[in-house]
Amino acid sequence: MAANTGLLAGKTLFITGASRGIGKAIALKAARDGANVVIAAKTTEPHPKLPGTIYTAAKEVEDAGGKCLPCVVDIRNEEQVQKAVEEAVAKFGGIDILVNNASAISLTGTLSTGMKKYDLMMNINGRGTYLCSHVCLPYLLKSSNPHILNISPPLNMNKDWFKGHVAYTMAKYGMSMCVLGMAEEFKPDGVAVNALWPRTAIYTAAMEMLGGGDEVAKQCRKPEIMSDAAYVMLIKDSKSYTGNFAIDDEVLAAAGVSDMEEYSWVKGSKLLPDFFLDVDANTLREQMSEGGATPAFSGTAGTSGPAKTFETIQSMLSEDLVGSVGGVFQFNLSGTDDSTWFINLKSGAGSLGPGEPPMGADCTMSMDSADFQKMFAGELKPVAAFMSGKLKIKGDMAMAMKLEKLMNKMSPKL
């Protein structure tokens, strides 16, 4: 792994979304040099399913040898960002490095992405990155080696990375476009603006949300590969190293790190490529499924039939819905779209996908794919389908009745 050099000692880093995951890993790496770290994130109370708050992260930073200022910041809020930056400057005397790590994600198609989700992603990813850069730049311009590092991908215009989740891609590429423009704008001033993206999936809370969970951890690398690569980039001369869209293992290889297996959760395993690189979304989905995971995104554009129905259902899943249903359903579909699907409304915030449920089904429903679509669209009543023999149910009948109530709520959106 990349060794600490001490070059960030006394430097001040402002890191968004640093209460967990990659952001926290970057904070801890800098702390081992004796850096000052500003943790700008929203999490102040422990989440039942996600570890870490700004205060627990701050303690880890200080235990690692750094100084820390935890700030409650929603990067959509200009006043909160301005206040956090002013507090950082008052405490540490300036800002040397900004890491735009905070991000929002929803891997849903156009019909399943309402304006609330769209605005969330745009306001955090693109606008939030721009806002934090805008507010920090007056202080970065005073630093001897100023850097802005965005955790965002290369601007890959391959249509595969737009067709299944165009809103997310637009929002994430907004971060990368900040790199493209600001690197040139501030090159004469010696402010480095670069992007860093992982070659493979990184096992974090975000990975779990994509449907990975424990099942796919063995195909992932640890957040430390990103923090080590970020460290290598942030100690470079800002006047000569700017405008780069870097990939984590390439950065480390160039710095002399030869054993990337140290970063794997399971050494020797087949690693899952990350989004926006050379592997298309369909291949990524297939590899996740092979590893036992349930991808929470579509790998195809213009989905229709049952796939479109399940895509819409995906956008409605929530912890509240899981709490009200508490079951796992399997659908064996025949006819034009011969396929098997499942909906897990028993754990977490719910999940669904093709194939049989890894956790086993409480209720299995078998029917023609065309009738399935009609049933979820409210055009065919489940009771009528069952009584006429179009729908066969095996397992928990009470659970099937719960699903009927759910269909009534869903039908206007399907």
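Strand 9, which covers residues 339-345, is mostly covered, with 5 of its 7 residues buried; buried means under 20% relative accessible area, exposed over 50%, and partly exposed in between, computed with a 1.4 Å probe on protein chains only. Helices (H or I, at least four residues) and strands (E, at least two) are DSSP runs, numbered from the N terminus. The model is a predicted one, in which local features need pLDDT of at least 70 and side-chain atom pairs count only at pLDDT 80 or more, while totals for chains, interfaces and linings use all residues. Residues are numbered from 1 along each chain as its sequence is written, and side-chain values use heavy atoms, with hydrogens and water left out.

On one side of the pairing, strand 8 (residues 327-334) runs antiparallel to strand 9 and is joined to it by 7 bridges, where two strands pair if DSSP finds at least two bridges between them. Within this pairing, W341 of strand 9 is the bridge partner of F331. The hairpin of strand 8 and strand 9 has 4 residues between the strands, and G335 takes a positive phi near 85° there.

Strand 9 also pairs with strand 10 (residues 351-354), again in the antiparallel sense, over 4 bridges. Here I343 stands opposite L352 in strand 10. These two strands form a hairpin with 5 residues between them, and in its turn G348 has a positive phi of about 60°.

In a regular strand the side chains alternate between the two faces of the sheet.

Aromatic contacts come next. The structure holds 14 aromatic pairs; rings of Phe, Tyr and Trp (its six-membered ring) pair if their centres lie within 6.5 Å, and planes under 30 degrees apart count as stacked, over 60 as edge-to-face and the rest as tilted. The rings of F162 and Y173 have centres 5.5 Å apart and planes at 90°, so this pair is edge-to-face. Because F162 lies in helix 5 (residues 160-163) and Y173 in helix 6 (residues 166-185), the pair ties together parts that are 11 residues apart in sequence. F162 is partly exposed, with a relative accessible area of 22%, whereas Y173 is buried, at 3%.

F331, the bridge partner of W341, forms an edge-to-face aromatic pair with F376, at 5.9 Å centre to centre and 70° between the planes. Since F331 lies in strand 8 and F376 in helix 14 (residues 369-376), this pair ties together parts that are 45 residues apart in sequence. Both F331 and F376 are buried.
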